[in-house]
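Biologist: I have not worked with this structure before. Please show it to me, and I will ask how each label was reached.

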Amino acid sequence: MLWAANKPGETAAPAYVPDPPLWWHVALALVVALGIQATLAPYLAFRGATPSLVTLLVAWYGVRTGMLNGLAFGMIAGSSEDAIAGSTGAAWTFATGFAGLLCGRLARTWLADTKLALVPGAGLITLVRYAAFCAMLQAEGRPIPLPLLHLHVALWQSALDVAIAFVVLRTMPWLGGSDAHRR
Amino acid sequence: MAAAIALIQLDALKSGKPSLLTVALDSVSVYAQDAAAFAGGGSRGFVEGIANAPHLAQQNGELREKNAALRSQNERLREALAQAPEAQAIEHLRAALESGTLATVVGFDPEGLSRTVTLDRGTSVGIKPDDGVIDDEGVVGRVIDASPASSTVLLVTDGASKVPAVVQRGRWWGIATGTNTSIRLEYVSQDAKLKLGDVVVTGEGRSFRAGYELGRITRIDHPEGALYQSAVVAPSVAFGRLSRVLVLAR
């Protein structure tokens with residue numbers, strides 16, 4: 001069977017060793033990220049979009065720990081965002097949980113071969129999470145006003161997240177984890 | 001854990017009320033946001049103070065002039081009120097004493113996708129969904145969600161916001177819809193003679209009584225052959241520096 005993570009010529013499942021960060025580091029980072037976004041969002045906005053530090057954190061945790069932990073952490077982070085946003089029902093809960101799950105899966109692909117795995121991953125995950133968020137809102141029966149404007153904002157948010165992920169991983173390469181969990 | 005969170009949130013979605021998890025997280029986060037907003041506001045104010053120092057003297061002079069003008073206007077209005085018939089005076093008094101709850105803006109939509117703000121007051125002081133929110137400049141929005149310690153306000157500039165509105169000069173009705181950065185006055189009758197600078201106020205509706213200022217018309221779209229005309233309205237509230245607001249119960 002061919003795995004998404006295979007290098008050319010490989011047929012076995014790739015070895016994957018989770019490399020979880022300390023739980024309280026992650027909890028503290030989540031509180032800080034939520035605090036920054038909830039209190040400074042309008043001041044961080046660029047062309048109407050605010051970088052999503054929560055998405056970056058979930059993506060990072062998912063890549064470091066795998067699918068199930070990514071899903072659980074994503075749902076916790078998403079629940080917090082839903083609680084603060086107030087008008088989104090449980091859309092961020094499921095969208096962010098899905099993003100964490102996907103990041104855990106991405107960790108088993110070729111993306112994990114580089115310490116900058118989060119850079120392309122961050123952009124992709126931001127867009128996927130936004131799509132899941134829109135789908136959840138529709139399922140909840142909440143209309144999405146100005147969808148084109150929202151798409152524009154999501155694209156800029158994705159670009160901002162890529163830029164932040166790149167800068168952070170270049171300046172703090174230890175965040176990418178040890179090489180032990182790479183293939 | 002993920003399954004438990006999912007079940008709790010789905011159960012709450014079904015019942016149409018915020019889940020216990022959401023309420024708990026909301027209640028905890030509002031204190032953190034309050035503290036962060038306080039710290040953020042202090043540091044911003046300090047930096048702005050240094051940056052604006054050269055303009056402060058000029059601003060001070062302008063404010064003194066404005067203050068003098070307002071004092072004189074206030075005296076004239078007091079005199080007019082004293083001379084008005086008794087019924088009119090009672091009406092003025094009622095309007096002036098309209099009950100409201102003072103609240104402070106402590107947070108924003110974390111993802112910036114919707115124009116919402118979080119207030120530090122909730123159902124414990126009587127705030128409930130659909131209450132109108134104003135500040136000293138005009139209409140801010142309406143409460144869409146309230147928990148014991150906080151409430152969420154949908155700003156009038158959000159795309160989902162729709163408020164019945166009236167052009168003050170001619171009493172022409174329309175619907176004020178948010179465009180994320182400004183307000184669009186739609187469904188205005190074709191025979192309305194709108195002018196740039198016209199003041200647009202709220203009409204009697206679910207969240208507001210009539211007469212709260214929404215903004216001023218900055219552009220008019222009057223297409224030939226269309227059933228209605230529309231206009232772009234610049235909000236009278238500076239949403240970038242929103243801080244203290246008044247929540248009006250209906």
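Modeller: Of the 250 residues in chain B, 37% count as buried. A residue is buried if 20 or more other C-beta atoms lie within 10 Å of its own, exposed if 12 or fewer, and partly exposed in between, with C-beta atoms placed from the backbone. In chain A, buried residues make up 49% of the 183 residues.

Biologist: Where do the atoms and the numbering come from?

Modeller: This is a predicted model, in which local features need pLDDT of at least 70 and side-chain atom pairs count only at pLDDT 80 or more, while totals for chains, interfaces and linings use all residues. Residues are numbered from 1 along each chain as its sequence is written, and chains are lettered from A and ligands numbered from 1 in the order in which they are written.

Biologist: Why is Trp172(B) called buried?

Modeller: Trp172(B) has 20 C-beta neighbours inside 10 Å, and the cut-off is 20 or more, so Trp172(B) counts as buried. The place of Trp172(B) is in strand S7 (residues 172-178) of chain B.

Biologist: Which residues is Trp172(B) in contact with, leaving aside its neighbours within four places in sequence?

Modeller: They are Val166(B), Val167(B), Val188(B), Ser189(B) and Ala192(B). Two residues are in contact if their C-beta atoms, placed from the backbone, lie within 7 Å. Asp191(B) is 19 residues from Trp172(B) in sequence and 9.2 Å away in space, C-alpha to C-alpha.

Biologist: What makes Asp82(A) buried?

Modeller: Asp82(A) has 28 other C-beta atoms within 10 Å; the definition asks for 20 or more, therefore Asp82(A) is buried. Asp82(A) is found in helix H3 of chain A. Leaving aside neighbours within four places in sequence, the contacts of Asp82(A) include Trp92(A) and, from chain B, Thr22(B). Asp82(A) and Trp92(A) are 10 residues apart in sequence and 5.8 Å apart in space, C-alpha to C-alpha.

Biologist: What counts as a helix or a strand, and how many does each chain have?

Modeller: Helices (H or I, at least four residues) and strands (E, at least two) are DSSP runs, numbered from the N terminus. Chain A has six helices and zero strands, whereas chain B has four helices and 12 strands.

Biologist: Why are H2(A) and H3(A) called roughly antiparallel?

Modeller: Two packed helices are described by the angle between their axes and the distance between the axes. Helix H2 (residues 53-65) of chain A and helix H3 (residues 67-85) of chain A pack at about 165°, with axes 8 Å apart. The axes are lines fitted to C-alpha atoms, for helices over the stretch in contact, and angles run from 0 to 180 degrees between N-to-C directions. Angles under 35 degrees count as roughly parallel, over 145 as roughly antiparallel, 65 to 115 as roughly perpendicular and the rest as oblique. The angle of about 165° is over 145, so H2(A) is roughly antiparallel to H3(A).

Biologist: Which residues make the contact between H2(A) and H3(A)?

Modeller: Val54(A), Leu57(A), Val58(A), Tyr61(A), Gly62(A) and Thr65(A) come from H2(A), and Asn69(A), Gly70(A), Phe73(A), Gly74(A), Ala77(A) and Glu81(A) from H3(A). By class, the contact has six nonpolar, five polar and one charged residues. Ala, Val, Leu, Ile, Met, Phe, Trp, Tyr, Cys and Pro count as nonpolar, Asp, Glu, Lys and Arg as charged, and the others, Gly among them, as polar.

Biologist: How do you know that S3(B) and S12(B) pair?

Modeller: Two strands pair if DSSP finds at least two bridges between them. Strand S3 (residues 132-135) of chain B and strand S12 (residues 244-248) of chain B have three bridges, so they pair, in the antiparallel sense. Leu246(B) in S12(B) is the bridge partner of Ile134(B).

Biologist: What holds for strand S1 (residues 101-108) of chain B?

Modeller: S1(B) pairs with S12(B) in the antiparallel sense over four bridges, and Thr101(B) has Val247(B) as its bridge partner in S12(B). Three bridges join S1(B) to strand S2 (residues 116-119) of chain B, also antiparallel. There, Phe108(B) is partnered by Val117(B).

Biologist: In what order do the strands of the closed barrel run?

Modeller: The closed barrel of six strands in chain B runs S1-S2-S5-S4-S3-S12, with antiparallel pairing. Neighbouring strands of this sheet are turned by 45° against each other on average, direction ignored.

Biologist: How many residues of each chain are in contact with the other chain?

Modeller: 37 residues of chain A are in contact with 34 residues of chain B. H3(A) gives the largest share of the chain A side, 11 residues. The residues of that side divide into 21 nonpolar, 13 polar and three charged.
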